[in-house]
Amino acid sequence: MKIINEMRLEVESRSVNESFARVTVSAFAAQLDPTVEELSDIKTAVSEAVTNCIVHAYPNVMGKIYIYAAILTDNTVRVRVRDRGCGIANVAQAMEPLFTTLAGERAGLGFAVMESFMDSVKVRSRVGRGTAVTLEKKVSGKTDG
């Protein structure tokens, strides 16, 4: 699919930037005129991906979160949330519902939530190098390109 439009955003791994990233990506996706439910799905998935960066990628240190979003010709929104943090040793295990490396208040449902709201979730990670989560959702709206 051809890219119609794209954007990039770089934020620090501060919890206050999670809502900023979510709203920014949803405003970008709004050009496709998605339904309220589709927009909510995108916002929720982006929120989970960014929160993973804040909580897991940069434990006890500040780092950068890189967000890329694109609109494709088939009305798909593609969002990549990437960090240069500690990475994930076992991606398959990390994507299992209820798995968490942090005890306590973390439920271990971040990837499961992303998968339930998006059409596609792909995770690439290297220990010590960082993680990239690519989310895709086809929306029912139209664009004039």
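Which residues have the most contacts inside the largest nonpolar core? Here is a quick tour that gets there.

1. Ground rules. This is a predicted model, where local features need pLDDT of at least 70 and side-chain atom pairs count only at pLDDT 80 or more, while totals for chains, interfaces and linings use all residues. Residues are numbered from 1 along each chain as its sequence is written, and side-chain values use heavy atoms, with hydrogens and water left out.

2. The core. To answer the opening question: Ile 65, Ile 67, Val 79 and Leu 135 have the most contacts inside the largest nonpolar core, which has 34 residues. Such a core is a set of buried Ala, Val, Leu, Ile, Met, Phe, Trp, Tyr and Cys residues joined through side-chain atoms within 4.5 Å; buried means under 20% relative accessible area, exposed over 50%, partly exposed in between, with a 1.4 Å probe and protein chains only. Helix α2 (residues 36-57) gives the largest share of this core, 8 residues. (Helices, H or I of at least four residues, and strands, E of at least two, are DSSP runs numbered from the N terminus.)

3. The sheet. Five strands make an open, antiparallel sheet in the order β1-β2-β3-β5-β4; two strands pair if DSSP finds at least two bridges between them. β1 (3-12) and β4 (120-126) stand at the edges with a single partner strand each, so one side of each has no neighbour in the sheet. From one strand to the next, the twist averages 10°.

4. Strand β5. Have a look at β5 (residues 130-138), joined to β4 by 7 antiparallel bridges. Ser 120 has Glu 136 as its bridge partner, and Arg 124 stands opposite Ala 132. β5 also pairs with β3 over 7 bridges, again antiparallel, with Arg 80 partnered by Thr 134. Of the 9 residues of β5, 8 are buried, so this strand is largely enclosed by the rest of the structure.

5. The hairpin. β4 and β5 form a hairpin with 3 residues between them, and Gly 128 in the turn has a positive phi of about 80°.

6. Arg 82 and a ring. The charged end of Arg 82 sits over the ring of Tyr 66, 4.5 Å from its centre. That label requires NZ of Lys or CZ of Arg within 6 Å of the ring centre and within 35 degrees of the ring normal.

Methods
Axes are lines fitted to C-alpha atoms, for helices over the stretch in contact, and angles run from 0 to 180 degrees between N-to-C directions.
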